[in-house]
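Hi everyone, thanks for coming. I'd like to walk you through one structure today, so please have a look at it with me.

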Amino acid sequence: MRLDGFLVAATLPLLLTMILFLGPLTMTVIDLYQSNCLFSPNLWFDQDLFSLVFIRNFIVAPISEEFVFRACMLPLLVPCLGALKSIFICPLLFGVAHAHHAIERFRSREQLVNILAGFVFQFTYTTIFGTFCAFIFIRTGHLVGICICHTFCNFMGFPEFQHIFSYSKPISALVSIMFLVGLGSFIYLLFPLSDPSYYSNSIYTL
């Protein structure tokens, strides 16, 4: 583990991810405020910190998946394919690795159409997320940042876009704006906040 740039690698990628989730974070704050729970002890989190589900979803899964699919696979792929191709190929394997969810649904005798639709949806967003993590790993040369981002994304879940329209018009407009501001800011800051010089990274170039 490299210590050079470690602290920056543990914070800036998370900041970048939180910017992308500006819309969902805004909805979370609004929901907590409307339910008078904004300043409660269970502010954002109501799960048992010692449950096996918590440990799996927020500790074991992020660390193990990022170690295997980024820290192990990318150093093997980059010398053969180059950094750019590896960033897009490695996440495909990450997306396929989540096929076990479809297998579980098939065994529970769900309708095949629903299983296929769910698999395509999950494969798509896990591949996109994997591409982002691969990009951050190549740019920073650190594993810690993407592990923290992975935990954060598991906590937030996939954005509930349909929830935007459950608010009154002014709030709905505000949330929509925050989604757009978050996406635009993420795109604008993606390269500046992942500048390899911040992380003392001379391992990869992209």
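At what angle do helix α1 and helix α7 pack, and how far apart are their axes? Before I answer, a word on the model: it is predicted, so to speak of local features we need pLDDT of at least 70, and side-chain atom pairs count only at pLDDT 80 or more, while totals for chains, interfaces and linings use all residues. Residues are numbered from 1 along each chain as its sequence is written, and side-chain values use heavy atoms, leaving out hydrogens and water.

Now the answer: α1 (residues 6-20) and α7 (residues 144-156) pack at about 35°, with axes 7 Å apart. Helices here are DSSP runs of H or I, at least four residues, numbered from the N terminus. The axes are lines fitted to C-alpha atoms over the stretch in contact, and angles run from 0 to 180 degrees between N-to-C directions.

Which residues touch? On α1 they include F6, L14 and M18, and on α7 they include I148 and F152. Contact means heavy atoms within 4.5 Å. By class, this contact has 11 nonpolar, two polar and no charged residues. Nonpolar means Ala, Val, Leu, Ile, Met, Phe, Trp, Tyr, Cys and Pro; charged means Asp, Glu, Lys and Arg; the others, Gly among them, are polar.

Next, the backbone. Most residues other than glycine have a negative phi. R109, however, has a positive phi near 65°, and its place is the loop between α5 (100-107) and α6 (112-140). R109 is exposed, with a relative accessible area of 77%; exposed means over 50%, buried under 20%, and partly exposed in between, using a 1.4 Å probe and protein chains only.

Key:
Helix = DSSP H or I, 4+ residues; strand = E, 2+ residues; numbered from the N terminus.
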